[in-house]
Structures are given as C-alpha cells and as structure tokens.
Amino acid sequence: MSAEAPDTSPGGLRKVARVVLLDPEDRILLLHGHEPDDPADDWWFTPGGGVEGAETREQAALRELTEETGITEVELGPVLWRRRCSFPFAGRRWDQDEWYYLARTEQTATVAAGLTELELRSVSGARWWTCRELEQAHETVYPTRLAGLLRTLLDEGPPARPVTLDTEIV
C-alpha cells in the first residue's frame with residue numbers, strides 16, 4: 001500500500017505487487033487498514049504496494065513485505081492472480097494494476113518497521129487467518145473473493161498461469 005510517487009503502467013494504472021503469504025499451517029497474512037481520518041472505515045488486505053523506480057514487481061513484492069511486516073525469510077513463488085482496481089483512499093482515487101505473488105514463510109512474527117507516513121496513519125496491525133476464518137469473516141477483505149481464491153489455491157495448488165480477477169471499483 002506504499003503511497004510514494006506512483007509508478008504507472010500504460011493507461012495510467014499504478015503498478016502494484018502484492019503477496020499471498022502463507023505460513024506452514026497454510027494461514028494467510030493480512031494487514032488491517034483504514035481511512036487515515038476514520039478508523040471505523042476499515043478492511044483487511046494482502047501486503048504489498050507500488051513498484052518504485054526501476055525495480056521489478058518481484059523486487060517490489062519482497063521490499064513491501066519487508067517494510068510492512070518485517071518478514072524477510074520467504075520463498076517467492078509464481079503470480080497467482082492479476083487484478084485491476086480503483087478505490088478512494090486518503091482523499092484521492094487510486095487506479096491500480098495488481099499482481100498477487102504466492103510466498104511461503106516459516107517466520108510468523110511481524111514488525112511493521114518500514115511504513116510510510118501515510119501507512120503509519122492507516123495500517124493498524126496484521127493477522128494470520130485460516131481459510132475457514134476468512135470464509136466466515138464479516139469484515140471487508142480485498143480482493144473481495146479472497147476466501148474462495150485461497151480455498152482453490154490450497155485445494156488445487158497454484159494455477160498454471162495467472163488468473164485475471166474481476167475488476168473491482170469501489
């Protein structure tokens with residue numbers, strides 16, 4: 001969710017790398033975010049953020065994961081899903097082209113030591129979720145079909161090529 005100068009791809013979309021991080025128990029790590037001036041307007045989302053400078057999406061995924069969680073011991077896997085989304089946040093509209101990478105880790109303790117100023121005002125924690133907990137959750141989670149996507153991933157393994165998710169406009 002890095003809010004530095006946006007690097008955009010064709011069409012003006014911000015290039016974003018997100019991480020579907022699984023622990024040895026197949027739990028997924030989600031961050032708890034909210035509008036900077038309204039903590040009641042909240043949601044859960046996967047770690048990740050915008051590509052900076054000349055870095056690749058893989059480099060951005062690993063950098064963002066380190067900044068947002070402190071987790072560095074990961075095995076980055078394939079791109080699972082791609083999604084275009086548009087949403088209001090912190091007083092502006094964000095138009096993004098997101099790639100979701102599979103990653104595995106043994107490291108489950110998190111420390112968000114590298115957050116930007118905006119992230120410090122809008123990220124309130126992290127939590128490991130089981131697939132069942134996600135399926136039963138009443139909270140807002142992005143991408144919106146994450147519980148089903150995770151169930152398919154755990155049951156069938158990674159797709160042969162990235163799956164394009166429905167565009168989400170909030």
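**Close-up views of salt bridges, pockets and aromatic pairs**

**View 1. Glu 98 and Arg 18 are both buried.** The model shown here, as in the other views, is predicted. The two side chains form a salt bridge, with 3.2 Å between the closest N and O atoms. Glu 98 belongs to strand E7 (residues 92–105) and Arg 18 to strand E2 (residues 13–22), so this contact ties together parts that are 80 residues apart in sequence. Across the whole structure, 14 salt bridges are found.

**View 2. A network of salt bridges links Glu 52, Glu 55, Arg 63, Glu 64 and Glu 67.** Within this group, Glu 55 and Arg 63 meet through their side chains at 2.6 Å, N to O. Glu 55 has a relative accessibility of 17% and therefore counts as buried, the cut-off being under 20%. Arg 63, also at 17%, counts as buried too. Arg 63 forms a salt bridge with Glu 67 as well, the closest N and O atoms being 3.3 Å apart. Arg 63 and Glu 67 both sit in helix H1 (residues 57–69), with a spacing of four residues, about one turn of the helix.

**View 3. The largest pocket holds about 310 Å³ of space.** Its lining is made up of 21 residues; nearest the centre are Trp 43, Phe 87, Pro 88, Tyr 142 and Val 170. Strand E4 (38–45), strand E6 (74–89) and strand E7 each contribute at least two lining residues. E6 gives the most, with five residues. Sorted by class, ten of the lining residues are nonpolar, four are polar and seven are charged.

**View 4. The second largest pocket has a volume of about 150 Å³.** Residues that line this pocket include Leu 80, Trp 81, Arg 145, Leu 149, Glu 156, Pro 159 and Val 163. At least two lining residues come from each of E6, helix H4 (146–156) and strand E10 (163–164). H4 supplies the largest share, four residues. The lining has seven nonpolar, three polar and two charged residues.

**View 5. Trp 44 and Trp 129 form one of the four aromatic pairs in the structure.** Their ring centres are 5.2 Å apart and their planes lie at 80°, so the pair is edge-to-face. Trp 44 is in strand E4 and Trp 129 in strand E8 (residues 123–129), so the pair ties together parts that are 85 residues apart in sequence. Both Trp 44 and Trp 129 are buried.

**View 6. Phe 89 and Trp 94 form a tilted ring pair.** The ring centres of Phe 89 and Trp 94 are 6.2 Å apart, and their planes meet at 55°. Phe 89 counts as buried because its relative accessibility is 3%. Trp 94, at 4%, counts as buried as well. Together with Trp 43, Phe 89 and Trp 94 make up a cluster linked by ring pairs. Trp 43 is also among the residues nearest the centre of the largest pocket.

**View 7. The charged ends of Arg 82 and Arg 127 sit over tryptophan rings.** For Arg 82, the ring is that of Trp 99, and the charged end is 4.0 Å from the ring centre. For Arg 127, the ring belongs to Trp 129, and the distance to its centre is 3.7 Å. Trp 129 is the buried residue whose ring pairs edge-to-face with Trp 44.

Definitions and conventions
Residues are numbered from 1 along each chain as its sequence is written. This is a predicted model: local features need pLDDT of at least 70, side-chain atom pairs count only at pLDDT 80 or more; totals for chains, interfaces and linings use all residues. Side-chain values use heavy atoms; hydrogens and water are left out. A salt bridge is a side-chain nitrogen of Lys or Arg within 4 Å of a carboxyl oxygen of Asp or Glu. Buried means under 20% relative accessible area, exposed over 50%, partly exposed in between (1.4 Å probe, protein chains only). On a 1 Å grid over the protein atoms alone, a cavity is a set of points where a 1.4 Å probe fits but cannot get out, and a pocket is an open set with protein on both sides within 12 Å along at least five of seven lines; lining residues have an atom within 4 Å of a point. Grid points are joined across faces, edges and corners, and a volume is the space filled by probe spheres set on the points. Ala, Val, Leu, Ile, Met, Phe, Trp, Tyr, Cys and Pro count as nonpolar, Asp, Glu, Lys and Arg as charged, and the others, Gly among them, as polar. Rings of Phe, Tyr and Trp (its six-membered ring) pair if their centres lie within 6.5 Å; planes under 30 degrees apart count as stacked, over 60 as edge-to-face and the rest as tilted. A charge sits over a ring if NZ of Lys or CZ of Arg is within 6 Å of the ring centre and within 35 degrees of the ring normal.
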